[in-house]
Amino acid sequence: TEVSAFKIFDEKKALGTAGLSSLEGASGGGIASWATIGGYGSSKGLGTAFHYTYVNLSDYQNQNIGGIIGIKNRVEISYTHNFFQTGGTGKKIGIGKGYQFDLDIVGIKARILGDLADKSWIPQIAIGTMYKHNGDKNVVHSIGTKYTDSADVYVAATKIFPKVNIIFDATLRITKGNQWGILGFAGDRHNHYSPEFEGSIGYLPPFIPGLVVGVEYRTNPKNQNSTPESNWFDVYTTYFVNKHLNVTLAYVSLGTIANYRDQTGVYASLQTGF
């Protein structure tokens, strides 16, 4: 029997259950990784997603592009590249006007039990890892960063509760990342892995199918005395137009980045796939 691309990419998962593409490339929320497996492929197929995200902060901008492949709704492989642009702030902090940090992230995630959208109370649980490479060796070492490469490990639990139209996620991440890796890994204050929390809660209005509104919170390690780091918060809205397109807008508050406080702004992301 001839196997067609349409049968392999069967799109049998329910709308929205593939999640978004996070800042680090894995499926989930905007700043949190969830237990979702990207793409709409069922347990017998494959799914993909591609994204572009732009974050405009008070003194910086970040863009990232990447893609995800989901394998039989069990394993997810992801890649994203972050372009963190300092603009005029680069000159003020001594690295040159318009300096750009580059961060590559390759991730793999496996669903180990549960189902995101079934009727039980058991959440979907997944474990994952992300290998991160920072391409700015000289700059990040000059501010006390120890490493330009590192890996995060995380376990996530995510569940949709249809009776109350709520999606909930809690994630434990083990990381050395400074600003998720934009400023490298570890530092003069801490040179070890730190357990950090990521959490999301969203509401799915029954009168607007495909819409999700919610909040996220993420803690971050405090590795460097020279560049203090804050915990993150966002308020987001996502609209799943269909299984091939979703749009996310959010207000983000990322606190202090490279000694510039109150880094707030707008997060916008487009994701397409099947």
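# Briefing: Contacts, Charges and Strands in a Predicted Model

Leaving aside neighbours within four places in sequence, Asn-246 is in contact (heavy atoms within 4.5 Å) with Leu-20, Thr-238, Tyr-239, Phe-240, Val-241, Ser-269, Leu-270 and Gln-271. The model is predicted, so local features need pLDDT of at least 70 and side-chain atom pairs count only at pLDDT 80 or more, while totals for chains, interfaces and linings use all residues. Residues are numbered from 1 along each chain as its sequence is written, and side-chain values use heavy atoms, with hydrogens and water left out.

- Asn-246 is found in strand S13; helices (H or I, at least four residues) and strands (E, at least two) are DSSP runs, numbered from the N terminus.
- Asn-246 counts as buried because its relative accessibility is 5%; buried means under 20% relative accessible area, exposed over 50%, and partly exposed in between, with a 1.4 Å probe and protein chains only.
- Asn-246 and Met-130 are 116 residues apart in sequence, and their C-alpha atoms are 24 Å apart in space.

**Strand pairing**

- Strand S11 (residues 211–218) pairs with S12 in the antiparallel sense over eight bridges; two strands pair if DSSP finds at least two bridges between them.
- Within this pairing, Val-213 stands opposite Thr-237 in S12.
- S12 and strand S13 (residues 245–253) also run antiparallel, and nine bridges join them.
- The bridge partner of Asp-234 in S13 is Val-252.
- S12 and S13 form a hairpin, with two residues between them.
- In a regular strand the side chains alternate between the two faces of the sheet.

- The structure holds nine salt bridges, each defined as a side-chain nitrogen of Lys or Arg within 4 Å of a carboxyl oxygen of Asp or Glu.
- Side chains of opposite charge can pair when their charged atoms come close.
- Glu-24 forms a salt bridge with Arg-173, and the closest N and O atoms are 2.9 Å apart.
- This pair links distant parts of the chain: Glu-24 is in the loop between strand S1 (20–21) and strand S2 (27–28), Arg-173 is in strand S9 (residues 166–175), and the two are 149 residues apart.
- Both Glu-24 and Arg-173 are buried.
- Arg-173 also meets Asp-152 in a salt bridge, at 3.0 Å from N to O.
- Here Arg-173 in strand S9 is linked to Asp-152 in strand S8 (residues 149–161), 21 residues apart.
- Asp-152 counts as buried because its relative accessibility is 0%, and Arg-173 counts as buried at 1%.
- Arg-173 forms a further salt bridge with Glu-198, whose closest N and O atoms are 2.4 Å apart.
- Because Arg-173 lies in strand S9 and Glu-198 in strand S10 (residues 194–203), this pair ties together parts that are 25 residues apart in sequence.
- Glu-198 is buried, as is Arg-173.
- Glu-24, Lys-132, Asp-152, Arg-173, Glu-198 and Arg-218 are linked in a network of salt bridges.

**Aromatic pairs**

- The whole structure contains eight aromatic pairs; rings of Phe, Tyr and Trp (its six-membered ring) pair if their centres lie within 6.5 Å, and planes under 30 degrees apart count as stacked, over 60 as edge-to-face and the rest as tilted.
- The rings of Phe-9 and Phe-274 form an edge-to-face pair because their centres are 4.9 Å apart and their planes are at 75°.
- Phe-9 lies in the loop between helix H1 (5–8) and S1, and Phe-274 in the segment after strand S14 (264–273), so the pair ties together parts that are 265 residues apart in sequence.
- Phe-9 is partly exposed, with a relative accessible area of 23%, and Phe-274 is partly exposed, with 30%.
- Trp-180 and Trp-232 are edge-to-face because their ring centres are 5.5 Å apart and their planes are at 80°.
- Trp-180 is in the loop between S9 and S10 and Trp-232 is in strand S12 (residues 232–242), so the pair ties together parts 52 residues apart in sequence.
- Trp-180 counts as buried at 4% relative accessibility, and Trp-232 counts as buried at 0%.
- Both of these Trp residues belong to one aromatic cluster, together with Tyr-60, Phe-84, Tyr-99, Phe-101 and Tyr-260.

**Nonpolar core**

- The largest nonpolar core has 39 residues, and those with the most contacts inside it are Phe-84, Phe-101, Trp-180, Ile-182, Val-252 and Ile-257; such a core is a set of buried Ala, Val, Leu, Ile, Met, Phe, Trp, Tyr and Cys residues joined through side-chain atoms within 4.5 Å.
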